Amino acid sequence: MLAFCNWVLKCGRSNMGTTLTAYALITMLEVSRVQTIRCGGDQDVLQAATDKAKIFLEQAISSPMNDYVLAMTTYALSLAQSRHTATLLTELDKRAKGNGTHICLNEFIV
């Protein structure tokens with residue numbers, strides 16, 4: 001229970017759905033890579049869920065997010081090869097510069 005409370009404090013109640021979706025998308029993308037390597041099987045259900053999560057997160061980026069939620073969303077969408085990745089990385093970079101913990105995130109765009 002303490003871990004859940006700590007997690008809620010990081011993401012904030014209003015961003016819980018976004019953060020959970022980001023976690024789920026990251027997991028589905030990692031699983032899909034493993035499944036493709038091991039099984040080479042049919043992944044229609046996993047692909048449909050991944051697509052829905054990606055769409056949800058892409059729509060959520062217009063909502064206010066704290067740094068933690070923005071970072072999780074950016075990571076998930078970058079794994080999903082979203083067209084919004086560069087914009088999100090730029091926003092993270094601006095926030096990092098603003099609070100004095102600057103790391104140039106755009107160097108990591110592949």
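How many helices and how many strands does the chain have, and which residues of the largest nonpolar core touch the most other members?

Guide: The chain has five helices and zero strands, both taken as DSSP runs numbered from the N terminus (helices H or I, at least four residues; strands E, at least two). This is a predicted model, in which local features need pLDDT of at least 70 and side-chain atom pairs count at pLDDT 80 or more, while totals for chains, interfaces and linings use all residues. Residues are numbered from 1 along each chain as its sequence is written, and side-chain values use heavy atoms, leaving out hydrogens and water.

Of the 110 residues of the chain, 35% count as buried (under 20% relative accessible area, with exposed over 50% and partly exposed in between, using a 1.4 Å probe and protein chains only). Two or more residues come from each of helix H2 (16-38), helix H3 (44-60), helix H4 (67-79) and helix H5 (85-98), with H4 giving the largest share, six residues.

Leaving aside residues up to four places away in sequence, Ala 76 touches Ala 22, Leu 25, Ile 26, Leu 29 and Leu 57, where contact means heavy atoms within 4.5 Å. Ala 49 counts as partly exposed because its relative accessibility is 30%.
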